[in-house]
Each structure stands twice: as C-alpha cells, then as structure tokens.
Amino acid sequence: MDTMSSGLINPTNVLLVSLMLVLLIVPLQAQLQVGFYSRSCTMAEFIIRDEVTKAFIQDRGLAAGLVRLHFHDCFVRGCDASVVIDSTPSNIAEKDSPANNPSLRGFEVIDNAKARLEAACPGVVSCADIIAFAARDSIILTGGFGYNVPSGRRDGRVSLIADTRALPPATANLNQLTQMFSTHGLTQEEMVTLSGAHTIGRSHCTSIESRLYSYNTTMNTDPSLDAFYATQLMQQCPQGDRSVDSVVPINPASPTITDVGYYIDILNSRGLFTSDQTLLTSTSTADQVTRYAINPLLWKTKFAAAMVKMGQIGVLTATQGEIRLNCRVINN
Ligand code: HEM
Ligand SMILES: *[C@@H]1O[C@H](CO)[C@@H](O)[C@H](O)[C@H]1NC(C)=O
C-alpha cells in the first residue's frame, strides 16, 4: 500500500463519502412523480385532456398558447403557475408584462380544467401541474410525441411583472439565448430543441416590427431574413400596426402541426424572429437545425425529453407553496 491510499483522505474514501452525500441529498431535492394523482385524483389527467381537446376543437391555436404558457411559467420563478395569477390593485402580475400581454393565451382552458378538478377532487391538483399536462396534451393534439409528465408541483404565491425579465426577447442572439437557458439548467442543445415549439402558433406584428422596419442604423430590414418573405411580412404587418388582431403564423406552411417545419424555415432564411434565425450562426447549432430538419423522429423524441426537463425548473413540492383553489388568485 502506498501512502496515497492509506489514511482517511484516500481516493476510495473520498469516492465513498461523495456517494453517500449524493444518496442523502437526492431524495431531499424536489421530486416530481409520474402518476402523482393516480390515487388522489384518478381522473385528473383525463379531465385536463378533455378540456384541452374541447378548446382545441374550438380554436386550434390554443394548443400553441398552452405550450407557450408552460414555457413562460417555468422560466419565471419556476413552474409554479405564477404566470396565471391575476394582477391586483397593489401588484402587477407576470401576465400583464408586455412579454405576456396581449400575446399569451389559453388561460380559460386552465380555468375550466381547474373548475372541474375542484368539483372532482377539491384542493388536490395544482395549477402548475394543470399547465404542464395541458402543454403535453397540446403537443399530442398537434402531432408531436406524447410523454409522461412528472407531477406533484405546487403553486407559488408570488407573481411580479419585474420577474418576466427572465423571458428571452425575440431580438436575442445565440449567446444571449444560450445564457438565458443555461440560467435555468438547460443546455444550448436543449435550447435549439425547445425552440422547435415555434413550429406552431402565431406572432403579433409588434414582435417582428423592429426586424422589418428598424433593424439597425444602416438597414431597415434584417438582411438575414429572406427578402421575398420580408416583403410578404411587411404587407401583413404594415409599419406602425400595433393592433392586437394583427398576427402572422410563425411557421406558415403548417401552423397547427408539430412538425419540423420550423427548422426547414430557418434553413430557408424564413425563421420569423431573430432568436430563430440566429440558430444558424454557430456550426454546432446550425448542424443541429439541419439534423432536425431532415429527421422528424429525432426532433420529436428530443423535444419530448426537453419538455420534461423544462417542466422541472424550480418546482415547488411537498409542503412548499400551496394548491391554489382558483388559478388566478392566491389562497387567503
Ligand atoms: C428561444 C427563445 C424564445 C423566444 C425569444 C421566443 C419568443 C416568442 C415570441 C416573440 C413569440 C410571439 C408572441 C406574440 O407576439 O404573439 C413566441 C410565440 C410562441 N412561442 Fe416562443 N420564444 C422562445 C422559446 C420558446 C419555447 C422554449 C417555447 C416552448 C417550449 C415557445 C413556444 C412558443 C409558442 C407555442 C408560440 C406561439 C404562441 C401562440 O400562438 O399563442 N417559445 N415566442
Ligand atoms: C447593420 O446590419 C448589417 C447586417 O447585419 C451589418 O453589416 C451592418 O454593419 C450593421 N450596421 C450597423 C451600424 O451596425
């Protein structure tokens, strides 16, 4: 035996002690479970799916709204349903930030599901879990791959407009996006994968106004945007049009289908936001865009996994937070 491996601080002991620490700490951390409501509210996932399906039949765009709702919930104070809390006379909530108002939609779907869940199993199913299930159901309804949603999230009691700083702006470049996602424990690869959600849904003209009309001091229109597409967009979104009704599809070829149209758009210089087109500015992310564009199975699989990971950001569990009775209002 050499001197290194004798004594208390030898490699074997260090390894054993680290292993024990890991075993001790892991169960104390936030743990969500697939099937969390299987006994306490057997019908929970069914009721939510039913409400999402009903809404989707009325308006297929709501699926996109619900996927974005989950993203905007998770990136601000973790997936704690802080995004659906209403403002009060003394507090402007997240949902009234320009990042969310007037663009975010699907609130009524969450309300309707919550009302039915409160009737079926009062005080059991969190709003944060409803949002997570509704996002998953929306992806399935639009043709993406389903996934089990680990659940048991609890609802937060705080929602502040200032916290929506954590949401990436449409003007963000690759470094900024990578940085903002890494803050939430997501890799650059996962950022590229999750951005594929932009294969469904719409954008308000206001979100692309600067890219079309005031790109920089020398050019009005972002030259990384296909010139013909830019002309079309300028017709749909005249300069200064700030109407909440002025919207364009993000992936015009198939705006209600979860396919790889988003990545194909980017390869054709038709990514709608700077944050989309910027994915071509490094070789590794550009390669990833190309791989997804030609391999829908690969992207759908990775997307499902990345959604599960996004759904775990900063969750409250066990005795933290509360089970809100009305998703718009914190409990007394
Ligand atoms: C990478 C950074 C991202 C940026 C900068 C970004 C930005 C935007 C913007 C500006 C809009 C248009 C809002 C409007 O004007 O109506 C939008 C829509 C949307 N975003 Fe993102 N987003 C990002 C990532 C994500 C992620 C990770 C998801 C979900 C996993 C997502 C899902 C959606 C969906 C589904 C829509 C369409 C919403 C609707 O039709 O109601 N986005 N995004
Ligand atoms: C404006 O953008 C173009 C294209 O990206 C670039 O070549 C030019 O240097 C920019 N001008 C300024 C003043 O930043």
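**Notebook: loop geometry, helix packing and ligand shells**

I located Arg 77 in the loop between α3 and α4, where helices are DSSP runs (H or I, at least four residues) and strands are likewise DSSP runs (E, at least two), numbered from the N terminus. I worked on a predicted model, in which local features need pLDDT of at least 70 and side-chain atom pairs count only at pLDDT 80 or more, while totals for chains, interfaces and linings use all residues. I kept to residue numbers from 1 along each chain as its sequence is written, chains lettered from A and ligands numbered from 1 in the order in which they are written, and side-chain values from heavy atoms, with hydrogens and water left out.

**Entry: the α3–α4 loop**

I read a phi near 65 degrees for Arg 77, a positive value in a residue other than glycine. The loop between α3 (61-74) and α4 (107-120) also holds Pro 102, and I found the peptide bond from Asn 101 to Pro 102 to be cis, with omega near 10 degrees. I noted both because most residues other than glycine have a negative phi, and most peptide bonds are trans.

**Entry: helix packing**

I looked up the axes, which are lines fitted to C-alpha atoms, for helices over the stretch in contact, with angles running from 0 to 180 degrees between N-to-C directions.

For helix α6 (residues 174-183) and α7, I found axes that come within 9 Å and cross at roughly 100 degrees. That makes α6 roughly perpendicular to α7 (65 to 115 degrees; under 35 counts as roughly parallel, over 145 as roughly antiparallel and the rest as oblique). Leu 174, Leu 177, Thr 178 and Phe 181 of α6 make the contact (heavy atoms within 4.5 Å) with Gln 188, Met 191 and Leu 194 of α7. I sorted these residues into 5 nonpolar, 2 polar and no charged, where Ala, Val, Leu, Ile, Met, Phe, Trp, Tyr, Cys and Pro count as nonpolar, Asp, Glu, Lys and Arg as charged, and the others, Gly among them, as polar.

Helix α7 (residues 188-195) also packs with helix α13 (residues 296-310), at an angle of about 110 degrees and with axes 9 Å apart, which means that α7 is roughly perpendicular to α13. Here I listed Glu 189, Glu 190, Thr 193 and Leu 194 in α7, meeting residues of α13 that include Trp 299, Lys 302 and Phe 303. By class, this contact of α7 with α13 has 6 nonpolar, 1 polar and 4 charged residues.

For helix α12 (residues 283-294) and α13, I found axes 5 Å apart at an angle of about 110 degrees, so α12 is roughly perpendicular to α13. Arg 291, Tyr 292 and Ile 294 of α12 touch Pro 296, Leu 298, Trp 299 and Lys 302 of α13.

**Entry: the two ligands**

Around ligand 1 I found 26 residues (a heavy atom within 4 Å), of which Arg 105, His 198, Arg 202, His 204 and Ser 207 come nearest. I checked polar contacts, meaning pairs of N or O atoms within 3.5 Å; within protein, one must be able to donate a hydrogen and the other to accept it, and residues adjacent in sequence count only if both atoms are side-chain atoms. A nitrogen atom of ligand 1 is 2.8 Å from a side-chain N or O atom of His 198, an oxygen atom of ligand 1 lies 2.9 Å from a backbone N or O atom of Arg 202, and a polar side-chain atom of His 204 lies 2.7 Å from an oxygen atom of ligand 1.

Around ligand 2 I listed Tyr 215, Asn 216, Thr 217, Thr 218, Met 219 and Pro 223. A polar side-chain atom of Asn 216 lies 2.4 Å from an oxygen atom of ligand 2, and a side-chain N or O atom of Thr 218 is 3.0 Å from a nitrogen atom of ligand 2.
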